[in-house]
Amino acid sequence: MSQYTARAHTNIALLKYWGKTDTNLIIPTTTSISLTLNEFYTDTTVWFDEQLTADDITLNNVSLQGRGYEKVTRFMDLVRDRANQHQFVHVHSINHVPTAAGLASSASAFAALAGAASAAAGLSLEPADLSRLARRGSGSASRSIFGGFAQWDRGHDDQTSVAHALTETVDWPIQLLTLIVNDQPKKIDSRGGMQNARANSPFYQQWVDMANAQVPAMQAAINNHDLVALGTLAEANALQMHAQNMVANPPFTYLTDVSWLIIETVKALRATGIPVYATMDAGPNVKLISQPADTEKIMVALRKVLPEIQVTVATPGPGIQIVQ
Ligand code: DP6
């Protein structure tokens with residue numbers, strides 16, 4: 001059988017997805033908007049093999065076990081059913097994420113898997129169909145099919161809940177400085193965290209209404225290359241998402257004292273006229289939306305409070321590619 005390798009880049013949500021109306025189909029409560037990143041990606045190779053008696057799945061050359069294995073096998077079952085192809089499969093994935101970046105994300109993983117597995121199964125899927133398929137592995141993966149800015153429309157069923165590119169080519173100066181606060185696996189994964197927030201936050205419906213209402217303003221900021229509007233909205237959306245966790249019963253948070261120290265530093269930098277904004281996902285690491293011309297000044301301010309902080313510059317990246 002033919003072997004295919006797909007490369008998909010990770011993405012960071014500027015307007016977050018934080019909750020599902022359907023946990024099996026992965027239909028989100030809100031429309032989300034992201035930026036795909038050039039520096040972080042996953043390469044996944046897939047081929048079917050009639051000799052196998054079970055799926056053979058490796059990540060960074062180590063055999064995958066437990067929940068991770070089950071998630072990939074269940075995803076492969078979707079592909080097998082669709083292609084009427086019932087052999088077991090080899091899935092070999094390499095995550096190209098700087099050591100300890102703490103950004104290894106299910107987004108690039110399931111987007112690359114969707115691309116390589118569908119090609120190996122002989123399915124020839126359009127980008128929208130690939131996005132729907134990737135969504136079934138992990139919601140944020142639906143956006144990693146596309147480069148640049150992408151929007152995942154929440155929709156209401158398998159057909160309508162799909163991502164599309166807003167602008168694939170980003171020809172204006174925007175970057176994400178990714179700050180590594182902690183590279184340990186998180187205690188509550190995003191799947192569990194968003195379920196907790198949805199079930200136990202008294203303000204959850206307000207989050208849904210507010211986040212959906214932010215979509216046109218974020219689109220306008222992207223169209224206008226308006227870093228201030230984009231960053232202001234992204235930071236507000238991220239804090240609103242994290243607030244849902246903090247007011248849940250029982251409360252929980254991904255943010256640590258170091259995350260908050262960075263957020264305060266960013267506010268102080270803004271007070272001096274530098275456009276820099278923070279966004280955080282299901283972990284303590286902070287990404288700073290900024291322009292390349294300000295990197296040095298931002299680094300100096302950060303090093304004053306956190307001399308050891310590890311920083312990687314991430315720039316806009318491309319959509320999924322079949323690399324061989
Ligand atoms: C905070 O896509 O990892 O990064 O669909 O359950 O696999 P599942 O969740 P996942 O959640 C990502 C949450 C987020 C925000 C975002 O990327 O939109």
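Predicted model: local features only at pLDDT ≥ 70, side-chain atom pairs only at ≥ 80, totals over all residues.
**View 1. Strand β10 and its two partners.** β10 covers residues 175-180 and runs antiparallel to β13, with five bridges joining them. Here Leu176 has Ala314 of β13 as its bridge partner. Five bridges also join β10 to β12, again antiparallel, and Gln175 stands opposite Ser290 there. Strands (E, at least two residues) and helices (H or I, at least four) are DSSP runs, numbered from the N terminus. Six of the six residues of β10 are buried, that is, 20 or more other C-beta atoms lie within 10 Å of their own, with C-beta atoms placed from the backbone. One face carries Gln175, Leu177 and Leu179, the other Leu176, Thr178 and Ile180, and both are covered.

**View 2. The open sheet around β10.** Four strands line up as β11-β12-β10-β13 with antiparallel pairing; strands pair if DSSP finds at least two bridges between them. β11 (277-280) and β13 (310-314) each have a single partner strand, so one side of each is left without a neighbour in the sheet. From one strand to the next, the twist averages 25 degrees. Helix α7 (residues 227-246) lies across β11 and β12 (286-290), at about 35 degrees to β11. Axes are lines fitted to C-alpha atoms, for helices over the stretch in contact, and angles run from 0 to 180 degrees between N-to-C directions.

**View 3. Where the two domains meet.** Domain 1 spans 4-170 and domain 2 spans 175-314, with bounds from an automatic or database domain assignment. 24 residues of domain 1 are in contact with 29 of domain 2, meaning C-beta atoms, placed from the backbone, within 7 Å. β4 gives six residues, the largest share of the domain 1 side that touches domain 2.

**View 4. The ligand shell.** 14 residues surround the ligand, and the closest are Ala13, Tyr17, Ser138, Gly139 and Ser140; a residue is near if its C-beta atom, placed from the backbone, lies within 6 Å. Both domain 1 and domain 2 give residues to this shell, so the ligand lies between them.

How values were computed: Residues numbered from 1 in each chain as written. Buried ≥ 20, exposed ≤ 12 C-beta atoms within 10 Å, placed from the backbone.
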